[in-house]
Amino acid sequence: MKAIIFDLDGTLMDTLDDLHRSTNHALHACGMPQRTLDEVRQFVGNGIGQLIRRAVPTGTSEEDTAHCLQVFSEHYVRHCQDNTKLYPGIHEMLTELKRRGVPMAVVSNKLQAGVTELAERWFKDTIQVAIGEHEGVARKPAPDMVRLAMKRLGVQASDCIYVGDSDVDLATARNAGLPCVSVLWGFRDRDFLMQHGATVFVSHPSEILSFAETDSLRGTA
């Protein structure tokens with residue numbers, strides 16, 4: 001049975017509302033125009049630093065961008081679970097995978113403190129490894145987080161599949177030599193994902209269960 005490495009935001013959890021609220025809190029505090037929910041949806045995926053760089057107006061100085069990021073981070077730490085929730089069917093899918101003995105990990109460009117907090121609340125009984133952005137490990141789409149997850153799970157690339165919702169996840173899986181399953185309930189739609197090389201899709205978390213017992217994805221990395 002393959003191990004499964006999951007993205008977090010847009011794959012296991014709907015975090016968009018809290019990210020949007022913290023982004024606009026920071027922009028407002030810094031006297032900058034606010035962003036729509038759909039704009040923030042397009043900005044996420046490469047970590048909070050890139051989120052804020054995309055959200056601030058073009059031409060904003062590095063100093064002002066850094067200040068906005070600081071305001072965002074302080075607000076998000078306090079409010080990252082106000083509206084964040086599991087997507088429907090995720091808990092049941094993870095519970096069944098755990099019952100089958102499938103090793104699982106989460107890798108996210110969210111700060112490690114946030115990943116740890118969310119994992120402790122939502123995945124304590126199902127997912128063994130939770131890796132976020134921290135010093136010394138390159139963010140996705142570099143393969144470093146995935147390789148660290150595999151090392152901690154005690155598995156090889158040939159044992160794993162990667163599940164995500166974005167172009168960043170597709171690139172991450174490709175760089176790590178893993179097949180990628182793209183979910184259709186997250187932050188990107190099918191057409192966008194296909195344009196970035198996605199070939200395998202699931203519309204409901206229960207469909208992921210079939211990949212834990214099949215070699216149908218091998219060779220698609």
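Helices (H or I, at least four residues) and strands (E, at least two) are DSSP runs, numbered from the N terminus. The views below come from a predicted model, in which local features need pLDDT of at least 70, side-chain atom pairs count only at pLDDT 80 or more, and totals for chains, interfaces and linings use all residues. Residues are numbered from 1 along each chain as its sequence is written, and side-chain values use heavy atoms, with hydrogens and water left out.

View 1. On a 1 Å grid over the protein atoms alone, a cavity is a set of points where a 1.4 Å probe fits but cannot get out; a pocket is an open set with protein on both sides within 12 Å along at least five of seven lines; lining residues have an atom within 4 Å of a point. Grid points are joined across faces, edges and corners, and a volume is the space filled by probe spheres set on the points. One cavity of 30 Å³ or more is counted by this rule. At least two lining residues come from each of H3, S4 and H8, and S4 gives the largest share, three residues. Ala, Val, Leu, Ile, Met, Phe, Trp, Tyr, Cys and Pro count as nonpolar, Asp, Glu, Lys and Arg as charged, and the others, Gly among them, as polar. On that basis the cavity lining has seven nonpolar, six polar and seven charged residues.

**View 2. The largest pocket.** This pocket has a volume of about 150 Å³. Its lining consists of Ile48, Phe72, Ser73, Tyr76, Val77, Cys80, Lys110, Leu111, Ala113, Gly114 and Glu117. Two or more of these residues come from each of helix H4 (62-79), strand S4 (104-111) and helix H6 (112-122). H4 supplies the largest share, four residues. By class, the pocket lining divides into seven nonpolar, two polar and two charged residues.

**View 3. The open sheet.** Two strands pair if DSSP finds at least two bridges between them. Six strands lie in the order S5-S4-S1-S6-S7-S8, with parallel pairing. S5 and strand S8 (201-202) are the edge strands, each pairing on one side only. S1 and S4 run parallel and are joined by three bridges. Ile4 is opposite Met104 in S4.

**View 4. Helix H1, residues 16-29.** At 1.5 Å a residue, the 14 residues of H1 should span 20 Å, and the end C-alpha atoms are 20 Å apart, which agrees; the expected span is 1.5 Å times one less than the number of residues. Buried means under 20% relative accessible area, exposed over 50%, and partly exposed in between (1.4 Å probe, protein chains only). Among the buried residues of H1 are Leu16, Leu19, His20, Ala26 and Leu27. The cover over the buried residues of H1 includes strand S2 (13-14), helix H2 (37-43), helix H3 (48-55) and H4, where contact means heavy atoms within 4.5 Å. Gly31 follows H1 and has a positive phi, near 70°.

**View 5. Helix H7 and the loop that holds Pro141.** Pro141 lies in the loop between S5 and H7. The peptide bond from Lys140 to Pro141 is cis, with omega near 15°. In H7 (residues 144-153), Met145, Val146, Leu148, Ala149, Met150 and Leu153 are buried. Strand S1 (3-6), S4, strand S5 (129-133), strand S6 (160-164) and helix H8 (167-176) are included in what covers them. Just after H7, Gly154 has a positive phi of about 75°.
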